[in-house]
Amino acid sequence: MAEKTFQKEISIVIPVYNSKDCIAELTSQIADALKGIDYEQIMVNDCSRDSSWDEIKKIIKTNPRMIGINLRKNAGQDSAILAGLNYASGKWIIVMDDDLQHSPYDILKLYNEAKKGYDVCYANFSVKEQKLWKNIGSWLNGKISEITIQKPKDIYLSPFKIIHSSVVKEIIKFNNLFPYIDGLIFQITRNITQISVKHHKRT
């Protein structure tokens, strides 16, 4: 069987929900951060209640790197990510949030670390710019993951991560209404690392 030919070096999959005010700035920062890199930006609109999809369509008209996916109903973050992964043609796939708490300028840090021989590299945030209840939820999710998917205690399951296409190829075989992307990652590989990056305030 012939080896897959990658159309891009990096695909960036971003689930979008009610983020019309972030999309243009996020896209601009990605373009600035990835100068010289062949990439694509896949925005998955998870049935936003605002005009996020109109913003995505507007950028598509002038930005050939942008791919827009508009879900018919709100499916949740992991389902939106899975939809984007199915369209990704990059050798490496970045998953990040839409609100600029994950800086596009850290993408290359994840990329360069993963290229040292890892399948997945997570972003680790020593300080999180979010509300206390979210920090508690993240902590609880981590503890549950240590039991259910045998996540190492020192790995933080960040929504900001880079995944090699060989792992994504296995992830998209999952056929269920309720995917759990991090759980699927740990089913497929243990060749995982993380690096520390700054967590920014939500735009």
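**Sheet and helix packing**

Helix H2 (residues 52-60) lies across strands S1, S2 and S3, and its direction is at about 150° to that of S3. The model is predicted. The strands belong to an open sheet of seven with mixed pairing, and a further helix, H4 (residues 107-114), also packs on this sheet.

**Sheet**
- The strand order is S3-S2-S1-S4-S6-S5-S7.
- Strand S3 (66-70) and strand S7 (192-196) are the edge strands; each has a single partner strand, so one side of each is left without a neighbour in the sheet.
- On average, and with direction ignored, neighbouring strands of the sheet are turned by 20° against each other.

**Pairing of S1 and S2**
- Strand S1 (residues 8-16) runs parallel to strand S2 (residues 39-45), and seven bridges join the two.
- Isoleucine 12 has glutamine 41 in S2 as its bridge partner.

**Helix H4 on the sheet**
- Helix H4 touches S1, strand S4 (90-95), strand S5 (120-124), strand S6 (161-164) and S7.
- The direction of H4 makes about 140° with that of S5.

**Helices H1 and H2**
- The axes of helix H1 (residues 23-33) and H2 come within 10 Å and cross at roughly 40°.
- From H1, the contact involves Ile23, Ala24 and Thr27; from H2, Ser52, Glu55, Ile56 and Ile59.
- By class, the residues of this H1 and H2 contact are four nonpolar, two polar and one charged.

Key: Residues are numbered from 1 along each chain as its sequence is written. This is a predicted model: local features need pLDDT of at least 70, side-chain atom pairs count only at pLDDT 80 or more; totals for chains, interfaces and linings use all residues. Side-chain values use heavy atoms; hydrogens and water are left out. Two strands pair if DSSP finds at least two bridges between them. Helices (H or I, at least four residues) and strands (E, at least two) are DSSP runs, numbered from the N terminus. Axes are lines fitted to C-alpha atoms, for helices over the stretch in contact, and angles run from 0 to 180 degrees between N-to-C directions. Contact means heavy atoms within 4.5 Å. Ala, Val, Leu, Ile, Met, Phe, Trp, Tyr, Cys and Pro count as nonpolar, Asp, Glu, Lys and Arg as charged, and the others, Gly among them, as polar.
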